Amino acid sequence: MVRKGEGVLLEIEDVAYGGLGVAHLDGLVIFVENGIPGQKVQVRIIQQKTDYLTARILQVEQPAPYEVPPRCSHFGICGGCKWQHVDYAKQLEFKRSVVEDSLRRIGGFQDTGVQDALPSPEVFFYRNKMEFSFSDRRWLLSEREQDEKPKDFALGLHVPRRYDKIVDIDACYLQSPESNALLNLVRTFAMTSGRKPWSTTDHTGFWRHLVIREGKSTNQRMVNLVTSGKDEALLKQLSAKILESGIPVTGIVNNINRSKGSTAFGEEEWTVWGNPVIQEKLGNYLFEISANSFFQTNTHQAERLYETVVEFADFTGDEIVYDLYSGTGTISIFISGFVKQVLGIEVIEAAVKDARRNKEINRIKNVEFILGDVKNEMNRVEEVVEVVGHPDVLIVDPPRAGLHPKSVQHILKLSSPKIIYVSCNPTTLARDLAVWKESYHLRQVRPVDMFPHTYHIETVALLERKK
Ligand SMILES: C[S@@+](CC[C@H](N)C(=O)[O-])C[C@H]1O[C@@H](n2cnc3c(N)ncnc32)[C@H](O)[C@@H]1O
């Protein structure tokens, strides 16, 4: 029996959620970080639990037959694209299999009928938002690089499992060439600004994050600098440099995050230059998105995601729809032309503000938004039903953690004839659907690939109340 710390040779047989390969040895399941089916790998066991082991690859002895050369020079170090070396058709197969496996194992569904994953129209340059971090501890790629760049400055993405270390990124193929040019310009400016990058060890430093957003269908671009304090003169200088460069931008904002917590949100935001929102189109609708609001990151695939919602709901035009976790109101507005009335519920104030503005921009009359926590709003759902009416279709699109157990129960009691669950985590989707299994039929499940080259997968599931 293998134990923690030992090395073994394994053949990866399957794939599990989280970018884990699955292998077996001595009747035990071994989850191999970053392993893909078909690989023969030399691994070290890093964790031992009663019914499974976790291992890390030391060496790939034999690659999988469908491996392709990764495009990015940061592949294997940066935590972003774990599957860039996997042929795209195979990535889609993996994703479908992970959804099916989660529904079967966690949800207890026998006949899942999971459809093929819907491919993304673009597999590179598809993201409309990228978030980079500054750090005083650069992850060194090689001895040679130690000579070329300072060790105490980086602007890029996290090294997996290292919250403190950042790989300095000069080109990310998930964002546009213009956004890469902005990334490099901001790095050069910040390095010579006299201000230090943020240190997660002693919580000092000025530069914290760079967030770039762009409208894929409008070519608008917003640069959001997250800093630990306010330095108007310095930000104005940076803004002048960006404008001089000719890289098309429509707005530059500064979010100030004085807390120790390493999020790219600020408690204060001010506009350094231009427009503090960008516009993006989904279908026939125009959306304004501010720096801190959630918006699906793959614009063109988001349209397909929402079209799937419309297809599954099979609206007649008379429906009252609740859209829980409504963000900037995108689903509510996208479906508004197919139904009688929509009520969106969202907890972030800025997102609700955006949603209400988006409703005005698109001259929509049959959509309302409530600012609130779904858990609390569902707790007083009788009052909501009194005002809006009972939902014929209930759409939920929660964050990765899925639904709060109380919300799962409240939604069950609401007994809406149809539920459409849009999920970005198949394991929490399966957990939540399991609770509704007695009362609802699982009619359709379609994985939609919003995030090529990563193990992440969006899923749309349709449930119909049992008669
Ligand atoms: C995955 S996003 C979906 C947003 C939107 N449906 C879309 O497609 O763009 C989840 C949203 O849920 C919101 N949220 C998170 N927890 C919440 C809660 N407890 N109550 C209400 N909204 C919440 C987040 O702010 C975020 O906007």
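Start by selecting Ser336, which touches Tyr285, Val342, Ile364, Asn366 and Val367, leaving aside residues up to four places away in sequence; contact here means heavy atoms within 4.5 Å. The model is predicted: local features need pLDDT of at least 70, side-chain atom pairs count only at pLDDT 80 or more, and totals for chains, interfaces and linings use all residues. Residues are numbered from 1 along each chain as its sequence is written, and side-chain values use heavy atoms, with hydrogens and water left out.

Stay on Ser336. This residue sits in the loop between helix H6 (330-335) and strand E17 (341-346). Helices (H or I, at least four residues) and strands (E, at least two) are DSSP runs, numbered from the N terminus. Is Ser336 buried or exposed? Ser336 is buried, at a relative accessible area of 6%; buried means under 20%, exposed over 50% and partly exposed in between, with a 1.4 Å probe and protein chains only.

From C-alpha to C-alpha, Ser228 and Ser336 are 41 Å apart in space, and 108 residues separate them in sequence.

Next, select strand E12 (residues 251-256), where 6 of 6 residues are buried. Gly251, Val253 and Asn255 point one way from E12, while Ile252, Asn254 and Ile256 point the other way. Show strand E11 (residues 221-227) as well: E11 and E12 run parallel and are joined by 6 bridges. Leu225 has Asn254 of E12 as its bridge partner. Two strands pair if DSSP finds at least two bridges between them.

Now select helix H3 (residues 177-191) and helix H4 (residues 232-245). Their axes come within 11 Å and cross at roughly 140 degrees; axes are lines fitted to C-alpha atoms, for helices over the stretch in contact, and angles run from 0 to 180 degrees between N-to-C directions. H3 is therefore oblique to H4, since angles under 35 degrees count as roughly parallel, over 145 as roughly antiparallel, 65 to 115 as roughly perpendicular and the rest as oblique. To see the contact, display Leu182, Leu185, Val186 and Phe189 of H3 with Leu234, Gln237, Leu238, Lys241, Ile242 and Ser245 of H4.

Finish at the open sheet of 6 strands, ordered E1-E5-E6-E4-E3-E2 with mixed pairing. Its edge strands, E1 (7-11) and E2 (14-16), each pair on one side only. From one strand to the next, the twist averages 45 degrees. E1 runs antiparallel to strand E5 (residues 40-48), joined by 5 bridges. Select Gly7 to find Arg44 of E5 opposite.
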